[in-house]
Every structure is written in structure tokens, then in C-alpha cells.
Amino acid sequence: MQKMPLKIKGVDFSPLTERLGYSVTYEDRTGSNTMMMQNGDQYVDVITRRPVLTWRLDSLTGVQLASLHTAINAAVYVEVEYYDTASASVQTGLFHGTISAQEIGVIRNGATYRFRAPTLTMRSR
């Protein structure tokens, strides 16, 4: 079974992800006309909806994790190729990336061993 695509600045990082660990959510970007009325009615001024991509990563070596850090930190926004569920197609966009806590359990003979693999989150510009 093929993994969901994850290319950052043209480099394929999909082999570092869990096969079933991909999710997409769409967050509303709202304008200043959003308001809550006294009776509880809410009026939302949605300007656009942008994807937020999340990949659970496999257990990575120190070199793999460092290369992922280098890719997402190359600029504030980096080009990412991903599968977009709203259009049911592979898309390319600009995203800001973060990696969750990277728990290192043991360092032995220069190699690091992790208890849990981190999660990569990419938020659209």
C-alpha cells in the first residue's frame, strides 16, 4: 500500500511517515465582522478555509529527524506536496511546519532511541 505523499521543497519524506498516520483538517480564517449576538446567535465572517496537515512519523534516526528539521526550517513557509481531501487530488502549497516533542529515551554508542515518534504538523499560509 502506498503512503500519502509528503514532499517538502521537492524532497520525498513520505518514507518517514506511518502508513496510516495522515490527517487533514480545514481551519476557517475569519475576518473582523465575526460576532456573537446577545441571544447567542453567531455570525461568522469566513474569509477562507486553509488545510492543516498532520503526519505521525515512524521512529526516526537522528539523521532523519535532523533532515526533516532542516527542510521545514529552511524558510518560514516551505513548499509542500500533499494529498488534499477537499479536491481529492495531490496539491502543492506553502506551509509552516512544526514537529511535536521529540522524546529521546536512551543514547547508546552515539545512536538515539526514542520511546515515541514525533508528529509533523504543517499549517497552510
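**Close-up views of a predicted model**

View 1. An open sheet is formed by 7 strands in the order S2-S1-S7-S8-S11-S6-S3, with antiparallel pairing. Strands (E, at least two residues) and helices (H or I, at least four) are DSSP runs numbered from the N terminus, and two strands pair if DSSP finds at least two bridges between them. Strand S2 (11-12) and S3 are the edge strands, each pairing on one side only. S3 and S6 run antiparallel and are joined by 10 bridges. This is a predicted model, in which local features need pLDDT of at least 70 and side-chain atom pairs count only at pLDDT 80 or more, while totals for chains, interfaces and linings use all residues. Residues are numbered from 1 along each chain as its sequence is written, and side-chain values use heavy atoms, with hydrogens and water left out.

**View 2. Helix H1 on the sheet.** Helix H1 (residues 62-72) packs on the sheet and touches strand S1 (7-8), S6, S7, S8 and strand S11 (119-124). Contact means heavy atoms within 4.5 Å. The direction of H1 makes about 105 degrees with that of S8; axes are lines fitted to C-alpha atoms, for helices over the stretch in contact, and angles run from 0 to 180 degrees between N-to-C directions.

**View 3. Tyr22 and Trp55.** Rings of Phe, Tyr and Trp (its six-membered ring) pair if their centres lie within 6.5 Å; planes under 30 degrees apart count as stacked, over 60 as edge-to-face and the rest as tilted. By this rule there are 2 aromatic pairs. The ring centres of Tyr22 and Trp55 are 5.0 Å apart and the planes are at 45 degrees, so this pair is tilted. Tyr22 belongs to strand S3 (residues 17-30) and Trp55 to strand S6 (residues 46-57), 33 residues apart. In the sheet, Tyr22 stands opposite Trp55. Both residues, Tyr22 and Trp55, are buried (under 20% relative accessible area; exposed is over 50%, partly exposed in between; 1.4 Å probe, protein chains only).

**View 4. Tyr82 and Phe95.** The aromatic pair of Tyr82 and Phe95 is edge-to-face, with 5.2 Å from centre to centre and 80 degrees between the planes. Tyr82 lies in strand S7 (residues 78-84) and Phe95 in strand S8 (residues 89-99), so the pair ties together parts 13 residues apart in sequence. Tyr82 is buried at 6% relative accessibility, and Phe95 is buried with a relative accessible area of 1%.

**View 5. Surroundings of Thr17.** Thr17 is in strand S3 and is buried, with a relative accessible area of 2%. Beyond four places in sequence, Thr17 touches Lys3, Leu6, Trp55, Arg56, Leu57 and Asp58.
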